[in-house]
Amino acid sequence: MAARAESFITAGFKPEFFTDRGLVSLNRTLVIAALTVFVLVGFGFRVSGLSAEGLSEDELNKLHAVADYRQNGLTAANGEHPFLMKALQTASSVLADSWNRTSIAANSSSRQIAPETALRLPSAIFGALTIILIYLLAAELFGAEVGLIAAALWAFDPNAIGFNRIAKEDTFALFFFLLANVFWLRGQRSAESGEDPRRYYWATAAAFGAMLASKYLPQLLAITIAYYWLFQAIPETRWRLGHKRMLIFFVIMGIVFLLVNPTVLLPDTWRQMRQFAGQKMVGHDGYEFMGRIYSHKMTDWLQGTPWYFYGLFMVVKLPVLSLVGLIIGLPLLFRRKLGDGRYFILLWMFLWLMMFTFAGGKFTRYITVVLPPVLITAAIGIQAAGRFLAAKLAALVAGSSLDSRVKSYGSVVLASIVIAGSVQAAVSIAPYYRLYTNPLGGGITKAGYYFPHDEFYDASMREAMTAIASKARRGARVASETPGLAAYYAQRAGRSDLMNVSLSDANAVKQMGEGDFIINARGRRYFSNDAITSSLQRSRKADIQLSLDRVPSAEIYRLDENAVNHESQLDADEAVRGPR
């Protein structure tokens with residue numbers, strides 16, 4: 001059993017291409033240079049055109065919370081979610097407003113920072129910094145070569161970029177989860193080497209406190225704790241906290257959690273959290289997946305969105321070469337020669353699947369937290385395939401001057417090809433990264449088909465309300481599935497007179513008349529509005545069609561006398577049939 005603990009140190013941490021002591025410093029320089037390029041270019045992808053898409057309904061809730069904090073100090077606004085991300089967004093908004101005032105004073109309105117950009121910027125920054133943490137964690141487990149490949153895949157993967165460009169909690173929770181586990185694994189190495197690991201334990205605890213202050217997902221702690229307990233039955237293991245240290249660990253975690261999430265102490269926050277946990281804040285009755293509407297409550301379990309939801313995402317959304325690397329790497333995780341670090345990756349993916357696969361309510365952004373081990377596994381597969389091909393090519397040129405070069409650079413060339421594939425995928429769909437669909441999934445022709453809610457995410461509501469604002473009569477009604485978001489963009493367009501109602505509110509829709517508007521946004525199809533939207537699409541052509549680049553994203557219908565009569569008849573038919 002001692003050999004297993006030793007295998008973690010030798011096979012898991014040692015950077016495999018640091019074989020010549022005279023080249024160590026040079027290689028470290030190259031690693032730092034490569035990571036710098038990955039971070040800068042990855043950040044460029046994440047921040048470029050950050051306001052190309054309008055806000056989603058979820059993001060608008062964050063913007064309202066930021067406005068509440070700035071006006072009233074710490075409040076329970078959006079209290080069902082933790083405070084840390086909203087604090088960073090508040091700071092970003094304050095700095096953006098200061099910049100905008102300076103730009104106005106300098107008569108340079110073109111340099112203004114849009115509210116969408118200010119709100120999303122912290123997520124883009126943390127998403128780019130995650131590149132470094134993925135390298136550190138993967139290098140700790142499998143060596144620097146795997147670490148660099150995994151970091152590059154995260155930097156340029158269109159899914160990672162897309163998730164990092166929305167103002168939601170998942171990016172921040174992942175960042176601090178990775179940071180915690182980088183410290184945790186360093187603590188393991190220090191303990192096994194006979195050094196004092198306590199500073200790493202306490203740093204781990206602090207990072208976990210920040211993780212919970214980013215998103216209430218205590219289940220993620222199970223991944224780290226399960227990996228820790230794997231080693232406790234080995235008599236030679238020195239990596240033990242003991243009862244006293246474990247108590248201190250959780251005390252530190254709790255203190256940091258409260259320091260960066262003080263709004264959790266407000267009674268209104270707990271009321272909102274209870275409502276959220278009781279699913280009383282679920283605003284819609286379904287989720288469209290592959291053209292079909294499914295029930296979408298967490299407690300629907302297998303009666304909700306299908307269990308293969310996330311598996312299909314990997315198949316149709318990962319760049320093809322990354323997917324091939326994943327397929328090659330998965331069986332390698334079960335080979336002992338890879339080292340004990342493989343258990344961490346296996347536990348990470350398995351426990352995440354147990355947490356999210358069987359829940360009835362699913363969103364693609366939840367994949368943010370499991371995408372790093374997926375890409376690390378792909379990196380392992382790419383490294384193995386590269387070495388295999390290099391060995392075969394070296395055998396063909398054995399005895400020639402090319403022999404050593406093929407062995408040295410074979411895996412580097414293959415990794416570069418795979419990384420270039422991710423870059424090409426990201427460039428091809430920019431700036432609408434969530435729409436990326438690989439050739440196996442049908443490419444651009446199937447963009448928005450599999451997961452429309454998450455792929456579009458209300459991206460065209462700003463343009464929809466701008467178009468309506470230029471045509472609508474005063475006091476016109478506008479029906480959509482995001483009336484609050486519609487009202488926000490109507491106000492920005494100078495049309496606060498417009499009456500925004502929910503398309504799922506049958507009584508409100510019945511009161512609509514000639515000159516009113518209906519917005520049918522892709523990704524907002526529910527049981528409650530399917531009849532009326534389907535009827536509109538069958539009976540007439542939309543007055544305004546909106547797209548994200550080449551992908552249709554929303555239809556706008558202006559009601560005339562015929563349309564009003566038709567919808568009235570549809571309401572009558574629905575009343576006769578009764579509720580479903």
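This is a predicted model: local features need pLDDT of at least 70, side-chain atom pairs count only at pLDDT 80 or more; totals for chains, interfaces and linings use all residues.
Residues are numbered from 1 along each chain as its sequence is written, and side-chain values use heavy atoms, with hydrogens and water left out. Local features need pLDDT of at least 70, side-chain atom pairs count only at pLDDT 80 or more, and totals for chains, interfaces and linings use all residues.

Colleague: How many helices and strands does the protein chain have?

Modeller: Elements are DSSP runs, numbered from the N terminus: helices are H or I with at least four residues, strands are E with at least two. On that basis the protein chain comes to 23 helices and 7 strands.

Colleague: What percentage of the residues in the protein chain is buried?

Modeller: Buried means under 20% relative accessible area, exposed over 50%, and partly exposed in between, with a 1.4 Å probe and protein chains only. The protein chain has 580 residues, and the buried share is 55%.

Colleague: How far apart are the end C-alpha atoms of helix α6?

Modeller: Helix α6 covers residues 144–156, which is 13 residues. The expected span is 1.5 Å times one less than the number of residues. That gives 18 Å for α6, and the end C-alpha atoms agree, at 18 Å.

Colleague: Is α6 enclosed or open, and how many of its residues are buried?

Modeller: The helix is largely enclosed by the rest of the structure. The count behind this is 13 of the 13 residues.

Colleague: Which residues are in contact with Asn261, leaving aside its neighbours within four places in sequence?

Modeller: Asn261 sits in the loop between α11 (242–259) and α12 (267–277). Asn261 is buried, at a relative accessible area of 0%. Contact means heavy atoms within 4.5 Å. By that test the partners are Pro82, Phe83, Ala213 and Tyr216.

Colleague: Which backbone nitrogen lies 2.8 Å from a polar atom of the Asn261 side chain?

Modeller: The Asn261 end of the pair is a side-chain atom. The other end is the backbone nitrogen of Phe83.

Colleague: How many salt bridges does a search of the whole structure find?

Modeller: Side chains of opposite charge can pair when their charged atoms come close. The test for a salt bridge is a side-chain nitrogen of Lys or Arg within 4 Å of a carboxyl oxygen of Asp or Glu. The search finds 27.

Colleague: With which residue does Arg524 form a salt bridge?

Modeller: The N to O distance is 3.5 Å. The pair links distant parts of the chain, 467 residues apart: Arg524 is in the loop between β5 (517–521) and α22 (530–539), and the partner is in helix α3 (residues 57–72).

Colleague: Which residue pairs with Glu59 in a salt bridge?

Modeller: The closest N and O atoms are 2.9 Å apart. Glu59 lies in helix α3 and the partner in helix α5 (residues 115–142), so the pair ties together parts 61 residues apart in sequence. Both residues are buried. The partner is Arg120.

Technical notes
A polar contact is a pair of N or O atoms within 3.5 Å; within protein, one must be able to donate a hydrogen and the other to accept it, and residues adjacent in sequence count only if both atoms are side-chain atoms.
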